[in-house]
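I opened this notebook to record what I looked up about a ligand site and the nonpolar cores. The structure is shown first.

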Amino acid sequence: MKLAVIGTGYVGLVAGVCFAESGNDVICVDVDTSKVERLSQGELTIYEPGLDHLFKRNREEERLLFTSDLAQAINFAEIIFLALPTPQGEGGEADLSYVLKASEAIGKLITKGDYKVVVTKSTVPVGTADKVREALGKYAQGEVDVVSNPEFLREGVAVDDFLRPERVVIGTDSERAERLMHDLYHPFLLSGNPFLVMDNRSAEVTKYAANAMLAIRISFMNDVANLCENCGADVDKVRLGVGLDSRIGKRFLFAGIGYGGSCFPKDVQALVATGREHNAPQRLLEATEAINYDQKRKIVPRILEHFGGDVSGKRFALWGLSFKPNTDDMREAPSLTIIKELTERGATICAYDPEATNATKRIIGDTIEYSKRHYDALEGADALIIATEWNKFREPDFGFMREVLKNPVIFDGRNLYELDSMRHHKFTYYSIGRPAVKA
Ligand code: NAD
């Protein structure tokens, strides 16, 4: 099939590459000309495990093109995916301006006799399909169907999620569009995972409800973690006991320093705004967001308390910058909150992240130091802070760490280490929802 993907960010690039991988011809469009240039020259613009060799192969086999020329893509493609930003607006609602402006521009390029399917992959609030239809319809002269196809991929495992989705959700009232989408997704669902067809509105709500449910679980466990800390329980033991109930399940029950990323924070706020608009207040989500706000700021007061309220002149090693492991995405990363709060108080930070250093530099420049190896960041530091649970941090050489750190102190926002192990290695160790260990 001939496809266009408009917007070549985390979702659009992965979608474009994976659709090409199943034999489709794909043109990816972006307004960011430097991005298009880098991609056209074979340079990936994001870090995502497994993406590089698929990207290389499909470019070499000429199934994958990058351009800033929207007309070229629309003339070429029968199915057009919108993978555009839907950032948070001022009142928390999703800002649809990217999606609607692009829809108008696409509409202008749809000529008499054309049949196109425009598919919203961006996360968009309920009712957006109608707005997209209207924007396209202002100028389109041919026939257009609008499909809502929310994307559930997770950064860090996005390629795997895209190639083997647990479900594909399609919102449409057009049988013709449904058939095309079915054929397109068939190769990704060979294991028998469902292709769910519903109306546009239900598909739009499905995406927000899924993200909101996951965010609720995280905030709930963080609230339980706070209780554990104050009453002497251990949230990781509680998590095991709770998660073994098959009605609950083990996943998304980890306490930590809050969720970040480009989706949960804005999608929770957007669903709260949608609830307000439709007179159905989303009270659980309001609490979810408030808990997360506090949780992202939780580690700093603990650090201050440990250092007697003053961290000026202190040096911290920071392991992990990205909002979660296996991505270079820094959007809403808890590490940024920690960096801001500590540097404002006169501390210096030397950070290490396997992939997100460049992305961090683009946001905060040289306000902190960056090291090339995780152990190098520890040299002369008054303490180590862990903000992201990259696998390479899980089994470090504690003996060596004790030698290079000025003080054997760890503030762990991701509960990477066993308390017994910390006692054994004589570290002072603060984690989330577990008793502190004092060296
Ligand atoms: P992104 O910011 O990484 O990418 C968006 C891209 O669109 C950018 O490259 C930008 O330059 C480009 N763009 C902006 N306006 C354009 C225009 N008029 N024409 C062409 N390109 C244009 O965003 P993302 O993370 O890929 O997210 C895209 C959408 O998918 C959002 O709605 C998001 O909520 C949703 N989503 C994201 C994820 C995720 O994990 N990132 C997962 C599921 C859904």
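The entries below cover the basis of the values, the ligand and then the cores.

Entry 1, basis. I worked on a predicted model, in which local features need pLDDT of at least 70, side-chain atom pairs count only at pLDDT 80 or more, and totals for chains, interfaces and linings use all residues. Residues are numbered from 1 along each chain as its sequence is written, and side-chain values use heavy atoms, with hydrogens and water left out.

I listed 26 residues around the ligand (a heavy atom within 4 Å of it); the closest are Asp-30, Lys-35, Thr-86, Glu-155 and Lys-266. By class, I noted 11 nonpolar, 7 polar and 8 charged residues in this shell (nonpolar: Ala, Val, Leu, Ile, Met, Phe, Trp, Tyr, Cys and Pro; charged: Asp, Glu, Lys and Arg; polar: the others, Gly among them).

I found a backbone N or O atom of Tyr-10 at 3.1 Å from an oxygen atom of the ligand. For Leu-84, the corresponding distance from a backbone N or O atom to a ligand oxygen atom is 3.4 Å.

I looked up the largest nonpolar core, which has 42 residues (buried Ala, Val, Leu, Ile, Met, Phe, Trp, Tyr and Cys joined through side-chain atoms within 4.5 Å; buried means under 20% relative accessible area, with a 1.4 Å probe and protein chains only). Phe-19, Ile-79, Phe-81, Phe-162, Met-181 and Tyr-185 touch the most other members. Another core, of 39 residues, lies apart from it and includes Val-311 and Tyr-430.

Conventions:
Buried means under 20% relative accessible area, exposed over 50%, partly exposed in between (1.4 Å probe, protein chains only). A polar contact is a pair of N or O atoms within 3.5 Å; within protein, one must be able to donate a hydrogen and the other to accept it, and residues adjacent in sequence count only if both atoms are side-chain atoms.
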